[in-house]
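Please examine the structure shown below together with its sequence. The paragraphs after it are intended to be read with both in view.

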Amino acid sequence: MIDILKTRLVKGVVTKRIAASKTAVYEPAGAQLKALIAEKFGRSLNIREVDTGSCAACESEIIACNNPIYDLSRFGVNFVASPRHADCLLVTGPVSKNMAQALRSTYDAMPEPKFVITLGDCAFDGGPFKGSYYIENGAKSIVPVALHIPGCPPDPETIINSLLNFLRI
Ligand code: SF4
């Protein structure tokens, strides 16, 4: 503990201010997203994520969406632990054979109305793992998919803008 305090005193505060040019990219999209979610759901949009065998880079970008820079929850997007609390199922990874049933069961456990988003090229059709003997033909072969967010992996701005464009429909 003493060492930690000494290091802190020597180094000072190491976090940086967010560049204004950076926030200008996603703040307007986030504000629109918040308004659309309020209009369509009357509350927050609750998302349950299922990793069906990803390399974890897609998860890193999802985690980045919730870091202090993007702070997606302030725009009305929450990640929930139970499918029973979810409006949306977010799928990452190439859907390995042993995750197919888990994905289906998670979808079945969600209350209606519900929709599915695939995030990352793997979830769409296997991406770099396409053709492997141990994956399904994308999440769409297991559950109905309403939106695909492309990328390997997609960054937070792409995720926010894709959600925004989808909810505008
Ligand atoms: S789409 Fe790319 S980043 Fe995402 S899980 Fe697949 S290989 Fe990893």
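The model is a predicted one. The protein contains 6 helices and 5 strands, and, read from the N terminus, its elements follow the order α-α-β-α-β-β-α-β-α-β-α. Its C-alpha trace extends about 55 × 40 × 30 Å along the principal axes. Of the 169 residues in the protein, 35% are buried. When contacts between residues at least 6 apart in sequence are considered, 80% of them join residues at least 24 apart.

L89 illustrates the packing: leaving aside residues up to four places away in sequence, it touches R48, V50, T106, Y107, M110, K114, V116 and V143.

Helix α1 (residues 2-11) is hardly covered, as the count of buried residues among its 10 residues is 0. After α1 comes G12, which has a positive phi near 75°. In α6, by contrast, I159, I160, L163 and L164 are buried. These four residues cover an arc of only 130° around the axis, and they therefore lie on the same side of α6.

Attention now turns to the ligand. Which residues are closest to the ligand? Among the 13 residues that surround it, the closest are S54, A57, G120, C122 and C152. Helices α3 and α5 each supply at least two residues of this shell.

Most residues other than glycine have a negative phi, and most peptide bonds are trans. Against that background, A56 has a positive phi of about 90° although it is not a glycine. A56 lies in the loop between β1 and α3. Is this residue, A56, buried or exposed? With 11 other C-beta atoms within 10 Å, A56 is exposed, since the limit for an exposed residue is 12 or fewer. V95, also not a glycine, has a positive phi of about 55° and is placed in the loop between β3 and α4. V95 has 32 other C-beta atoms within 10 Å and is therefore buried, the threshold being 20 or more.

E112 and P113 are joined by a cis peptide bond with omega of about -10°, and P113 belongs to the loop between α4 and β4. The bond from C152 to P153 is cis as well, with omega near -5°. P153 is found in the loop between β5 (147-149) and α6. C152 is also one of the closest residues to the ligand.

Technical notes:
Residues are numbered from 1 along each chain as its sequence is written. This is a predicted model: local features need pLDDT of at least 70, side-chain atom pairs count only at pLDDT 80 or more; totals for chains, interfaces and linings use all residues. The arc is that of the directions from the helix axis to the C-beta atoms. Two residues are in contact if their C-beta atoms, placed from the backbone, lie within 7 Å. A residue is near a molecule or strand if its C-beta atom, placed from the backbone, lies within 6 Å of it.
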